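Subject: Structure handover and notes

Dear colleague,

I am passing the structure below on to you, together with my notes on it. Please read them side by side with the coordinates.

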Amino acid sequence: MSITSRASELGSSLRTPYALRRRAYAAAKRVGIWLGLPVALVTAWWFASAGSTDFYWPSLRRIMQAFAETWFGPRLVEDVLPSLARLAVGYAIALLLGIALGVAIGSSVRTRAVTEPALEFLRAIPPPILVPVIMLFAGIDDGMKVIVIVFGCIWPILLNAVEGVRATDEVLTDTCRVYGVNPLRHLIVRAASPQIMTGARQALSIGIILMVISEMVAASSGLGFTVVQFQRGFQIPEMWSGVLLLGLIGVTLAAIFRFAEHKILGWYHGSRDADRR
Amino acid sequence: MLIVDRLSKVYDAHGRRVEALADITFSVGEGEFACVVGPSGCGKTTLLRCLAGLLTPTSGTATVHGKLAVVFQEYGRSLFPWLRVRDNVGLPLKDLSKKERQAKVDTALAAVGLTDAAGAYPWQLSGGMQQRVAIARAIAYGPRVLLMDEPFAAVDAQTRADLEDLIRDVWHRLGVTLLFITHDIDESVYLGQRVIVLSSAPSRVAENIAIDLPDERDQLTTRGDARFVEFRGRVYAHIQKAKRDHARGT
């Protein structure tokens, strides 16, 4: 098949009204599958808990009320945003540092051999245990929390980047050498990006966990701190609403991540599909 | 121009010593089209990697005068899958202004008949088209010397015939010095002005045959030409002899 007919076929199949309708239907079906179970679960919770008089298991209605009162106010600025900002800063530092170190380590067989045992050891330390340790020298303010997040997030990114760099196709490396293309800029990070993304996805959930834990141990603001405060003050609906909010934040961040991954790795998924055909 | 002088390459790793190239000497003149052919496993790719500067020879020298471009055998792996066709072709031209680069990319893609595929990703194209993209990238780079390592080994026979004619066309138009490595005897005789026959590893130049077929070549008439058949027979005989000598252990 010539390229012209291929291209025009592709173009036309996307534009006919019939194809548009089919795509809209497919999208609606996807949303339905995606939302179906959550909606069912929330509905079940709503009716099962309706009229609950149990102090520790308030009705969902009561929790929703508390949610609106608690989080759509000054707390949004005082607790939610600072938490998210610390997560964003820590995650970004871990991403940059992890990729930079991963590329440096992965590019050299010797460096990799020397650093591997140390990296495995550092990765094996559960990051929450470092909260009290880091508190000793970094205090209990934002710096400590960011350091904890960086320390937890960096390992999956770094180790995956090392693997990705190591697996760079040597024909592409040769191509860069022959054509005078800088492999650092144009090859290595891009070639490793599928693995780096895998690490970054793991790091995101670790980051959220550490954001909360660091605030639960020592803080005067933040989501983790607030939920613990509510629990200690027996403000049970407020406590539950904090748990819900954390879940929603996790889902939202995962969706943002998936969107970014789709943009960055579109070529990767496409080429893998092409190989399978 | 390309000069190979007493080139040898010995792989010495993990206690195993493999002599790939024993003693290779030949040269390809300015603007000449030469083919290297040899029995499989005779170190053709080792030779190419030494010429391209990707491998350091054990002794001897390989000198390339002027800018060098290489078309690799593994076309699918030598294109950047995250770049569209036009960016793949333009990548080695980063130093040029955007406009100049654009012009060179367009010319090169037109020369290989892929103008319509500029916006596609390499993996959306067939194997033959991918190899055309690799050829376009080499053309756009503006080399004085072009090395090709069994570029058509993995495409089907019809595509291969088209690509052979395309390469002769490119060579005529650019006036580059072209060294084409292949294991296909017919292809080596059809394409070039000279065939350099290598012996089995550790390889040497077994024969250096001038192919004085007319410059105007055609898949049908040239391959049916009595002189073509004669050249093919000569190259074939040399390769068979090289294999026999190798089997006898000389």
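This is a predicted model: local features need pLDDT of at least 70, side-chain atom pairs count only at pLDDT 80 or more; totals for chains, interfaces and linings use all residues.

Residues are numbered from 1 along each chain as its sequence is written, chains are lettered from A and ligands numbered from 1 in the order in which they are written, and side-chain values use heavy atoms, with hydrogens and water left out.

In chain B, strand S7 (residues 177–182) is mostly covered, with six of its six residues buried; buried here means under 20% relative accessible area, exposed over 50%, and partly exposed in between, with a 1.4 Å probe and protein chains only. Helices (H or I, at least four residues) and strands (E, at least two) are DSSP runs numbered from the N terminus. Thr177(B), Leu179(B) and Ile181(B) point one way from S7(B), whereas Leu178(B), Phe180(B) and Thr182(B) point the other way, and all are buried.

S7(B) pairs in the parallel sense with strand S3 (residues 33–37) of chain B over five bridges, where pairing requires that DSSP finds at least two bridges between the strands; within this pairing, Ile181(B) is the bridge partner of Val36(B). Strand S6 (residues 145–149) of chain B also pairs with S7(B) in the parallel sense, over five bridges, and Leu179(B) in S7(B) has Leu147(B) opposite it. From S6(B) the chain crosses through helix H6 (residues 157–174) of chain B to S7(B) in a right-handed β-α-β crossover, that is, a path from the first strand over the helix to the second that runs clockwise with the strands pointing away from the viewer.

Glu150(B) counts as buried because its relative accessibility is 11%.

In chain A, Phe234(A) likewise has a positive phi, of about 55 degrees, without being a glycine, and its place is in the loop between helix H10 (223–232) and helix H11 (236–264) of chain A. Phe234(A) is partly exposed because its relative accessible area is 48%.

Leu35(A) lies in helix H2 of chain A, and Leu35(A) counts as partly exposed because its relative accessibility is 41%.

Best regards
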